[in-house]
Amino acid sequence: MKLAPSSLDWALEHVRRHGDTDKFPRSFEIDVISRQWASVRAQLANVDLTTHRWRGERKMLVPKDAVSFRNAAQLDPLDSLLLAGLIYEVGVQIEAKRSPLQDHRVFSYRFAPAPDGTLFRPDQWDQFWETSIQRARASSVVLTLDITDFYNQISHHSMENQLTRCGLAVPVTKVLMNLVKSSTYSVSKGIPVGPHPTHLLAEASLMPIDELLLQRGLEYCRYVDDINIFCDSDQTAHVALFAVAGALDQYHKLTLNRSKTRVLPSRQFVPIAQQKANDQPINSREESILAIIKKYATGPYNPIPVSVLTPQDLAKFSQSALEDILAAYLGASEPDYVRLRFFIRRLSQVGVPGAVEYIVSNLSKLLPALAEVTVYLNAATPQYHGSWNNLGAQLLVLLESPLAKESEYLQMVILGLFGRIAELNHIAKLTGRYASSSASAQREIVLAAAAAGADAWLRTLKVDFSRFDPWLRRAFAFAVRVLPPDERTFWIKEVKPLASPLELAILEDSKP
């Protein structure tokens, strides 16, 4: 069982455009793979997925909001491509078994791959709430449900049953189950959180719930694990509650989130839903900025050159305006991190630098948005003319904080900024941390050393290459490009016999 070259080409476009995960900063391997695609694709086209061993992922505890976390995964870069290519080929079979799009009941992650690497239809969060409002007004009572820790609790056995029901060939189902099992080790539940294609597997696992509600004659709207059920009486709502709770327990041993499960009169539900459905900027300054971005944008991810903005429009992105917006978000009693992440992504499209200093100074408060923050800082680098060196010093102070010392994820993201923005400098202090750092932090220090051209320090690590973990090995294989050509050529020749396929591509990319 092998993937078609066209599927692999699409998978590359997918990870180039959307990354290999929405929880971790973009990895340098994606760009190397793009440059070495001819040889990488030839290797991947020969992979027999039925015997392939999914391995090499890394998992970290990632902040979800101010007080909760999720265990997120980043697959080996080649595995990310294989998974994306496989879902591209078989996703249509899963989508065909789901509640029909035209019925307006299931709004999340509708499979619709596009040539540019987009996997799903445009987000339908607003449509989910707008349809819920319409149906609530035609009902007396609304039952709102939320599943506790959904992605981490999905039963492997039930998921396998649903994939089989979708008509996937036995080998395909086996390949996908091997992936989720390799990610959860000895626990027979949960799927990798972070890779975009796994959203479709999660949706497949909830098809029995969709079918149960339909068979019971209940009108409903669902967005992932948020479910609104529209009833004509309290009794009908409570019967539906017992039915769904029983089905969740039967299929997945899932439970409902008590704090988010309620039976509400429609007149109380509608204003709550309206607040969620309406695009509500936190203040007038954000509203003005988003209107400008919408005016110039050619797509939700396409960059907007600062040069195309009129002076009047550019003035709206002043430092004071951006700091005012961010301070409003972080100053809320319960910050809306979903909305904040959206705003930072929009700023990244333009790359205006006005928020750089505020973000670096308040990084510890932005933990649930760190992936978006790194994208923004990268985009703003060409336009920022302040002192990167001073910002680097602030980041080093944050690394010494108790919070950073407790979080491997925070350490990785902060150190990763030094590798992406060489102007942050302070390489001597970074390399001084290397020996006492975790492997994930060491990877970022090595990449920072490469960005700073610290060849003398990197030279001292050559003898340790064979003892590094795969993520650190790849970083060092990339970093050797700063060594003198003769030394680099000799070392690459020496380690090539022991290199993995992806390491070989990186070494080839590092050649003089």
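## The K253–D249 pair

D249 is partly exposed, because its relative accessibility is 39%. In this predicted model, the side chain of D249 meets that of K253 in a salt bridge, with an N to O distance of 3.9 Å. K253 counts as exposed, because its relative accessibility reaches 60%. The cut-off that separates the two classes is 50%, since exposed means over 50% relative accessible area.

Side chains of opposite charge can pair when their charged atoms come close. A search of the whole structure finds 33 salt bridges. One of them joins the side chains of E203 and R222, at 2.9 Å from N to O. E203 belongs to helix 9 and R222 to strand 4, so this pair ties together parts that are 19 residues apart in sequence. E203 counts as buried, because its relative accessibility is 1%. R222 likewise counts as buried, at 1% relative accessibility.

A further salt bridge is formed by E487 and K462, whose closest N and O atoms are 2.8 Å apart. E487 lies in helix 26 (residues 485–495), while K462 is in the loop between helix 24 and helix 25 (470–479), so the pair ties together parts that are 25 residues apart in sequence. E487 counts as buried, with 18% relative accessibility, whereas K462 counts as partly exposed, with 22%. Elsewhere, salt bridges that share partners join E95, R98, R110, E203, D210 and R222 into one network. The pair E203 and R222 described above has both of its residues in that network.

Helix 10 is followed by G217, which has a positive phi, near 75°.

Y109 has a phi near 50°, a positive value in a residue other than glycine. Y109 occupies the loop between helix 4 (77–97) and helix 5 (125–137). The residue is partly exposed, because the relative accessible area of Y109 is 25%.

H426 also has a positive phi, near 60°, and is a residue other than glycine. H426 sits in the loop between helix 21 (408–420) and helix 22 (427–433). With a relative accessibility of 15%, H426 counts as buried; the cut-off for that class is under 20%.

R459 is part of helix 24, which covers residues 455–459. R459 is partly exposed, because its relative accessible area is 31%. The C-alpha atoms of R459 and V480 are 8.3 Å apart in space, although the two residues are 21 apart in sequence. Leaving aside neighbours within four places in sequence, R459 is in contact with L483, P484 and E487. Of these partners, E487 is also the residue that forms a salt bridge with K462.

A454 lies in the loop between helix 23 (439–452) and helix 24. A454 counts as buried, because its relative accessibility is 15%. Not counting residues up to four places away in sequence, A454 touches I427 and A449. A454 and T431 are 23 residues apart in sequence, and their C-alpha atoms are 9.4 Å apart in space.

## A patch of positive charge

K64, K260, R262 and K276 gather on the surface in a patch of positive charge. Within this group, K260 is found in the loop between helix 11 (234–252) and strand 6 (262–265). K260 counts as partly exposed, because its relative accessibility is 47%.

Notes
Residues are numbered from 1 along each chain as its sequence is written. This is a predicted model: local features need pLDDT of at least 70, side-chain atom pairs count only at pLDDT 80 or more; totals for chains, interfaces and linings use all residues. Side-chain values use heavy atoms; hydrogens and water are left out. Patches are made of residues with over 30% relative accessible area and no salt bridge: like charges are joined within 9 Å, nonpolar side chains (Val, Leu, Ile, Met, Phe, Trp, Tyr) within 5 Å. Accessible areas come from the Shrake-Rupley method with a 1.4 Å probe; for residues, only the protein chains shown count as cover. A salt bridge is a side-chain nitrogen of Lys or Arg within 4 Å of a carboxyl oxygen of Asp or Glu. Lys and Arg count as positive and Asp and Glu as negative; His and the chain ends are not counted. The place of a charge is taken as NZ of Lys, CZ of Arg, CG of Asp or CD of Glu. Helices (H or I, at least four residues) and strands (E, at least two) are DSSP runs, numbered from the N terminus. Buried means under 20% relative accessible area, exposed over 50%, partly exposed in between (1.4 Å probe, protein chains only). Contact means heavy atoms within 4.5 Å.
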